[in-house]
Amino acid sequence: MLELNHGFRVVDLHARLDPSDEAEVASRGRETTPEALERELHQAGVVRAVVSPGGRPEGQGYLRANNAVARLSVDRPFLAFARIDGPRDPSSRASARLRNLTASRKDHHVSPEDVEQYAYDDRFHGFTLAPDRDGLPDEETLDELGDVELPLVVRAGRAFPPSAVEETLLDRGFPVVLAGFGGYPLDRELMSTAIDLLDDYDLLYLDTRYVRFRSVLERALLEHPDRVLFGSGAPETHPNVGVMEILTLDVSEDAMRRAFSSNASRIVPGLSPGET
C-alpha cells in the first residue's frame, strides 16, 4: 500500500500487538509482528501508537501478555497499555447483577495491587478493558484506577453500551476513552449516545477505531473537537484506512490536527512531540 503524505503529525491510540508465533498467525489469519505493525503505521504517517495485547484464553489472565507487549515496544514507536480483566459480568441482565454481588477475583484477574504496579512501571502508560470478553474489575480495583489516574481505553458496543460505561466507569477520576465511539459494531445509535455523554463528563473521550460514518465523525469533531482521538484498530484494518476517514471529512484542519495528535497527547504525555 502506498505511503500517505498528509502533512499531519498522527498518533494512534488504538492498535493491537501480540507476541507472534505460528499458532497466533494461524488463529488470527494475519501476521501481527512488531515489524509488520511498525511498517503499516509508517505507511500511514503514524509516528507513535498505543499498543495492547489481544484476547487471551479464558482463565489465563494478561500478566504475561502485557509484559511481552511492553518488551516488544522497546526501541519502537509504541507505548504499551496494560490490558485488564475482572470477575464481574458486564451485562445488564438481572441474573448478572445478582451474581456480581458475590463475585470475587480469581488468581488471573487484575487486582488493585496489579493496577498500582502497572501504573508505576514506566513501561506502561495506561490500561485497556474489553468487558464483553474479559469481565469488569471489582470496585476496589476500579477505585485504584481512580487513584493512579491513568487513561483507560474501553471496548464498548452492543454488549457493553455507553449507558453501562456511564453507570460503572465514569466519574471515577480517570480518563475513559470509548473505542469506536462506543458503538462497535457500526451501531450509529450507540455512537450518538456516546457523543451526547461528552456534554456531561469532562474525562470522557472517543476514539475513531472502526467508525465509518462520516456524519458521526463530523458531528463529534464539530461539537467536541477536544475529545476525539484517532485510533486505527490496526492490524485488523490498515491504519491508512482510518487516517483517510479523517482526511476526507468536512472539518477544519485544526479539528483534524486535534484528533490526530494534540488531544491524545494531552491524556497520554508519552505521545507528545517531545517524546517521539
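1. Just after helix α3, D75 takes a positive phi of about 65°; helices here (H or I, at least four residues) and strands (E, at least two) are DSSP runs, numbered from the N terminus. The model is a predicted one, in which local features need pLDDT of at least 70 and side-chain atom pairs count only at pLDDT 80 or more, while totals for chains, interfaces and linings use all residues. Residues are numbered from 1 along each chain as its sequence is written, and side-chain values use heavy atoms, with hydrogens and water left out.

2. Within α3 itself, which spans residues 63–73, the buried residues are A65, N66, A68, V69, A70, L72 and S73, where buried means under 20% relative accessible area, exposed over 50% and partly exposed in between (1.4 Å probe, protein chains only). Their cover includes α2 (34–43), β2 (46–52), β3 (78–84), α5 (112–119) and β4 (124–129).

3. The strands form an open sheet of 8, in the order β1-β2-β3-β4-β5-β6-β7-β8 and with parallel pairing; two strands pair if DSSP finds at least two bridges between them. At the edges stand β1 (10–16) and β8 (228–229), each with a single partner strand, so one side of each has no neighbour in the sheet. Strands β5 (residues 152–154) and β6 (residues 176–178) run parallel and are joined by 3 bridges, and L152 has V176 as its bridge partner in β6.

4. Beyond four places in sequence, the contacts of F127 (heavy atoms within 4.5 Å) include F81, I84, Y118, L145 and L152.

5. E144 belongs to helix α7 (residues 139–148) and is buried, with a relative accessible area of 16%. Not counting residues up to four places away in sequence, E144 touches P112, V115 and E116.

6. R209, in the loop between β7 (204–207) and α10 (214–223), deserves a look. R209 is buried yet has no salt bridge, the nearest side chain of opposite charge being E236, 5.9 Å away; a salt bridge requires a side-chain nitrogen of Lys or Arg within 4 Å of a carboxyl oxygen of Asp or Glu, and for charge Lys and Arg count as positive and Asp and Glu as negative, with His and the chain ends not counted.
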